[in-house]
Protein chains: 2
Amino acid sequence: MSRIAYVNGRYLPHAAAGVSIDDRAFLFGDGVYEGLEVRGGAIVDLPRHLARLRRSLDLVRLSAPIGFEALGFVLREVVARNRVSDGFLYMQVSRGAAPRDHAFPTRPTKPGLVVTAQSFDRIARAKRFSDGVAVITRPDERWAHPHIKTLQLLPNVLAKQAARERGAFECWFVDKAGFVTEGASTNAWIVTHDGALVTRQADDAILRGVTRTTLLDAIAAAGRRVEERPFSLGEAYGAAEAFFSSATTIATPVVQIDGRTIGDGRPGPVTRALLESFHRHAMA
Amino acid sequence: MSRIAYVNGRYLPHAAAGVSIDDRAFLFGDGVYEGLEVRGGAIVDLPRHLARLRRSLDLVRLSAPIGFEALGFVLREVVARNRVSDGFLYMQVSRGAAPRDHAFPTRPTKPGLVVTAQSFDRIARAKRFSDGVAVITRPDERWAHPHIKTLQLLPNVLAKQAARERGAFECWFVDKAGFVTEGASTNAWIVTHDGALVTRQADDAILRGVTRTTLLDAIAAAGRRVEERPFSLGEAYGAAEAFFSSATTIATPVVQIDGRTIGDGRPGPVTRALLESFHRHAMA
């Protein structure tokens with residue numbers, strides 16, 4: 001079955017779907033996006049993703065291309081047309097197509113909207129959950145507003161490539177003070193030896209992950225202690241457990257950071273319990 | 001006459017020209033670009049632009065989509081097909097189209113190449129040269145590598161829009177120490193009261209402008225003194241003259257910064273002389 005994409009009002013074969021060479025996402029990275037999990041054909045945490053999209057649009061002064069009710073319909077339609085049971089749903093909003101000029105288009109320009117979906121590679125994903133993965137670290141060299149989910153992703157691209165070349169799955173960024181901010185496409189977490197979960201407070205240095213927020217619900221429900229504060233790379237190296245979160249990775253165990261083994265080198269019990277309980281909170 | 005664009009090997013009507021929704025420039029801002037001036041049908045400073053493109057490609061680990069001799073041919077062909085006499089030539093290279101994944105495509109993927117051209121609005125441009133323009137300033141919030149000419153341009157977009165909304169043409173970025181780095185799409189210059197030209201050294205904080213380099217040639221030929229060093233916003237406010245440079249703006253006089261009048265509020269003699277002599281050096 002060939003994939004179907006929604007592009008500016010039309011459902012098209014993905015392989016043939018295109019946008020104008022004047023689209024401002026293409027020319028300037030002038031757009032925002034959301035990535036969502038599909039589980040059993042249902043969209044996980046949709047209201048929180050839509051709320052975050054609204055904030056991203058507001059922060060870069062973009063208007064919504066269609067109403068949010070219609071957007072919800074399009075998202076479900078793209079899932080259905082691609083027959084995705086467990087997979088990844090992607091939507092991107094750009095400032096539309098207009099003659100190249102840095103400042104916003106002066107003529108009324110309809111924002112661009114693209115929605116795509118694809119099924120997970122279930123075997124590879126299950127293996128990451130069961131075995132854990134390695135993480136490398138790099139200085140955080142992103143712009144000053146990573147808390148907005150924009151297309152300014154080249155530093156993330158270069159970090160993810162560096163990770164792959166070193167046999168790792170993710171790269172954590174480290175700020176000038178030596179504290180971990182977040183991963184190239186995930187939020188970063190550790191578990192201390194006395195059982196507390198630590199993740200950076202959602203300040204301007206990180207994206208407020210939807211999965212991060214839902215994990216905080218799951219952790220509260222489990223009666224565990226959370227510390228929302230920066231943690232250093234040294235503290236991460238010595239942690240009992242580590243993991244990262246995002247819509248597609250949920251709570252993926254980290255068993256190695258910069259070549260150093262975390263805990264006993266296997267996914268820890270706190271991370272495994274979170275991974276198992278997550279969808280009870282996300283799909284509630 | 002309708003515009004023609006070169007897109008991945010084909011010359012197409014600009015209005016109908018598109019790229020894949022999987023193009024990595026569209027999804028991640030994963031690409032680099034060059035903007036060139038066309039004057040009297042000729043491409044200005046082409047060798048220096050090609051040399052900089054080579055550096056940009058190397059720094060983000062992108063390969064050239066076609067050989068540079070062929071690229072020169074395409075550039076001239078796009079100018080000719082659009083019958084541009086005086087205008088702007090644009091080329092963009094992306095990491096190509098591949099299923100969305102931050103890290104580089106694992107299957108061989110041809111880099112994307114788009115080339116477009118358009119004529120200047122000559123009247124508006126001549127007015128900027130003769131009357132000068134206003135500049136505003138903002139904190140420099142870009143990523144750590146603005147010396148690479150990438151598509152990470154959302155901070156520049158927001159800065160240019162802020163400038164327009166305040167009746168200015170450009171926005172200069174100011175680093176944490178209070179020094180001007182460069183403009184959102186130009187290099188920044190001042191002229192001191194003893195006649196020296198000051199522009200920031202081409203370190204990692206700024207793009208090494210091709211026009212900046214050619215202006216340095218023109219200034220040397222005129223026997224004027226240059227200081228390549230950071231200058232503060234305070235020094236700029238009190239300068240004898242100010243201007244900014246880029247392929248399309250050459251040496252555009254700045255007569256106001258943050259609402260403060262520069263010099264006597266009219267384009268200064270040093271800037272005017274540079275503007276007049278520039279093309280003798282650029283087209284040599």
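For sorting residues here, Ala, Val, Leu, Ile, Met, Phe, Trp, Tyr, Cys and Pro count as nonpolar, Asp, Glu, Lys and Arg as charged, and the others, Gly among them, as polar.

What you have open is a predicted model: local features need pLDDT of at least 70, side-chain atom pairs count only at pLDDT 80 or more, and totals for chains, interfaces and linings use all residues. Residues are numbered from 1 along each chain as its sequence is written, chains are lettered from A and ligands numbered from 1 in the order in which they are written, and side-chain values use heavy atoms, with hydrogens and water left out.

**Stop 1: both chains**

Color by chain and superpose B on A. A turn of 180 degrees with a shift of 0.0 Å along the axis does it, at an RMSD of 0.0 Å (least squares on the C-alpha atoms of residues with pLDDT of at least 70 in both copies). That makes it the relation of a two-fold axis.

**Stop 2: the interface**

Now select the residues in contact (heavy atoms within 4.5 Å): 53 from chain B against 52 from chain A. The copies meet through the same surface, because 98% of the interface residues of chain B are also interface residues in chain A. About 4500 Å² is buried between the chains, with carbon and sulfur atoms giving 62% of that; buried area is the accessible area (1.4 Å probe) that two parts lose on being put together, summed over both.

How many salt bridges does the rule find across the interface? Four, each a side-chain nitrogen of Lys or Arg within 4 Å of a carboxyl oxygen of Asp or Glu. Zoom in on Asp101(B) and Arg164(A), one such pair, with the closest N and O atoms 3.0 Å apart.

**Stop 3: the largest cavity**

A cavity is a set of points on a 1 Å grid over the protein atoms alone where a 1.4 Å probe fits but cannot get out, and lining residues have an atom within 4 Å of a point. There are five cavities of 30 Å³ or more.

For the largest, at about 90 Å³, show Ile21, Asp22, Leu27, Pro99 and Arg100 of chain A with Arg3, His14, Phe88, Tyr90, Val114, Thr116 and Gln118 of chain B. Strands S6 (87-94) and S7 (112-119) of chain B each give two or more residues to this lining, and S7(B) gives the most, with three. By type, the lining has six nonpolar, three polar and three charged residues.

**Stop 4: the second largest cavity**

This one holds about 70 Å³. Select Arg3, His14, Tyr90, Thr116 and Gln118 of chain A, plus Ile21, Asp22, Leu27, Pro99 and Arg100 of chain B. Its lining splits into four nonpolar, three polar and three charged.

Methods. 1 Å grid on protein atoms, 1.4 Å probe; cavity = no way out; pocket = protein on both sides within 12 Å on 5 of 7 lines; lining within 4 Å. Points joined across faces, edges and corners; volume = space filled by probe spheres on them. Helix = DSSP H or I, 4+ residues; strand = E, 2+ residues; numbered from the N terminus.
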